[in-house]
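Please look over the model first, then read on.

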Amino acid sequence: MQILTPHVYWAQRHGEIYLRVELSDAKNLNISLQENNTLQFRAQGHGAKGDNEYEFSLSFLEPVRPEIDHKSTQRQVDIKIKKQEERWWDRLTLQEKKPVFLAPDFDRWLDESDAEMELQAKEEKRLNKISVESRVRKDPYIGLKKGYLFVYNLVQFLGFSWIFVNMTVRLFILGQDSFYDTFHTMADMMYFCQMMAVLEVINPLLGLVKTGFIPAMIQVAGRNVILFVIFGTVEEMQNKPVVFFVFYLWSTIELFRYPFYMLACMGTEWKLLTWLRYSLWIPLYPLGVIAEAVAVIQSLPIFDETRLFSIPLPSVLGHSLSFSYILQLYLVIMFLGLFFNFQHLYKQRKRRFRSRKRKVH
Ligand SMILES: CCCCCCCCCCCCC[C@@H](O)CC(=O)SCCNC(=O)CCNC(=O)[C@H](O)C(C)(C)COP(=O)(O)OP(=O)(O)OC[C@H]1O[C@@H](n2cnc3c(N)ncnc32)[C@H](O)[C@@H]1OP(=O)(O)O
């Protein structure tokens, strides 16, 4: 039998060499890599010169790994060889002159930049797969948690929007008169929203949000003292205009904060809304604390007079300690709370705008 050379087609990627040997129904395949980095191929099959024994050898330009992957089909023999180092080769063989039986495999051919893009796409796909897998593995209840937070934020948004819109409409219709019955018209909804807001302290404890527990505690407890203790229990306070300012300042920020969280639950954001969420507190927070402080100061003589919540004392120390003393201490705590939360919100703002800038570049 005459020994002939088959047609061999080749292509490369950064990490592999692909050879396609034009030999159908190949039998007795003998493919090996010699120590001198040369591939030896020998097989019987049907090639360009009919049924015959075909063979060829190729000395590669750079070292390849000894494992050779091959698959013989009815039409051809496919060979895949891994390069020792992942690098683009200028040509396949050590000898500069291309062997006559060798030609590019245009079905697989890519130039270096296309191959790089293919590599990048593969890498991205792999990383995406890992990130999806790790997310799923990390928290199987993520959908449930996000759903709960979304509904919570939606309910709060609707509640505070109701308060804000009602107060605004009443202000336009009744003018300053609307200041005096804010509590009677808005209190039920404000009670509902502020009771719900207790979840804002529980959520970070359960690890549902990245909020710090202390800032949330200060925020919720601070508002609840004003709402339930100062306004809720002292009837004389309920007709005072200060209620209007406190409720209006509270609800203004929430019109932006809750929709911002709702979008965060959906993994998206609106730049203007983000900016408003992280900027409006700068004037609103101090104004809110001042309004709350005015409410506390206005309630002091009432607590002195009514002795409501006064603390009984042993007779040597007097009759009882007016709750107004506790409230005076609370005024100090309030400004400490303002200072703490102002710093916290300032950090949140810096972090948010810093990370957004980084994402843009
Ligand atoms: C009986 C003893 C009582 C002692 C109490 C002491 C009293 C002290 C008094 C304090 C004075 C209070 C005054 C106040 O009542 C006055 C006013 O409110 S005036 C109106 C203006 N107010 C504001 O602007 C404050 C609004 N409130 C807040 O911003 C928050 O409550 C606060 C806790 C202060 C800060 O929020 P947070 O720490 O959560 O920051 P972020 O918004 O940046 O959120 C951090 C990340 O968590 C995600 N997150 C948070 N919550 C949710 C949620 N519900 N749903 C979904 N996701 C949520 C958020 O997206 C952030 O994630 P990422 O970092 O990935 O973006």
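## A loop with positive phi

Arg307 counts as partly exposed because 14 other C-beta atoms lie within 10 Å. The cut-offs are these: a residue is buried with 20 or more other C-beta atoms within 10 Å of its own, exposed with 12 or fewer, and partly exposed in between, with C-beta atoms placed from the backbone. Arg307 sits in the loop between H8 and strand E10 (311–312). Its phi is positive, about 60 degrees, although Arg307 is not a glycine.

Phe309 is in the loop between H8 and E10. Phi of Phe309 is also positive, near 60 degrees, in a residue other than glycine. Phe309 has 16 C-beta neighbours inside 10 Å, so it counts as partly exposed. Most residues other than glycine have a negative phi.

## Model and overall make-up

This is a predicted model: local features need pLDDT of at least 70, side-chain atom pairs count only at pLDDT 80 or more, and totals for chains, interfaces and linings use all residues. Residues are numbered from 1 along each chain as its sequence is written.

The chain has nine helices and 11 strands. These are DSSP runs numbered from the N terminus: helices are H or I with at least four residues, strands are E with at least two. Of the 361 residues in the chain, 21% are buried. Among contacts with a separation of 6 or more, 64% join residues 24 or more positions apart. Contact means C-beta atoms, placed from the backbone, within 7 Å.

## Annotated spans

The unreviewed UniProt entry annotates "transmembrane region" at residues 147–169, 189–206, 213–231, 243–263, 284–303 and 323–346. Such positions are given in the numbering used here, feature names are shortened, and annotations may be inferred rather than shown by experiment.

In the model, residues 243–263 are 100% helix and 0% strand, with end C-alpha atoms 31 Å apart. Residues 323–346 are also 100% helix and 0% strand, and their end C-alpha atoms are 34 Å apart.

Helix H5 (residues 213–233) has 21 residues and should span 30 Å at 1.5 Å a residue; its end C-alpha atoms are 28 Å apart, which agrees. The expected span is 1.5 Å times one less than the number of residues. Buried residues in H5 include Pro215, Ile218, Leu227 and Phe231.

H5 gives the most to the shell around the ligand, with eight residues. Of the 34 residues around the ligand, Thr211, Gly222, Trp281, Gly288 and Gly337 come nearest. Near means a C-beta atom, placed from the backbone, within 6 Å. Helix H2 (142–174), H5, helix H6 (241–265), helix H8 (281–306) and helix H9 (323–360) each give two or more residues. The shell divides into 21 nonpolar, nine polar and four charged residues. Here Ala, Val, Leu, Ile, Met, Phe, Trp, Tyr, Cys and Pro count as nonpolar, Asp, Glu, Lys and Arg as charged, and the others, Gly among them, as polar.

## Nonpolar cores

A nonpolar core is a set of buried Ala, Val, Leu, Ile, Met, Phe, Trp, Tyr and Cys residues joined through C-beta atoms within 7 Å. The largest has 25 residues; Ile230, Phe231, Val243, Val246, Phe247 and Ala295 touch the most other members. H6 gives the most to this core, with eight residues. A second, separate core of 18 residues includes Ala26, Phe41, Val64 and Ile81.

Methods:
Two residues are in contact if their C-beta atoms, placed from the backbone, lie within 7 Å.
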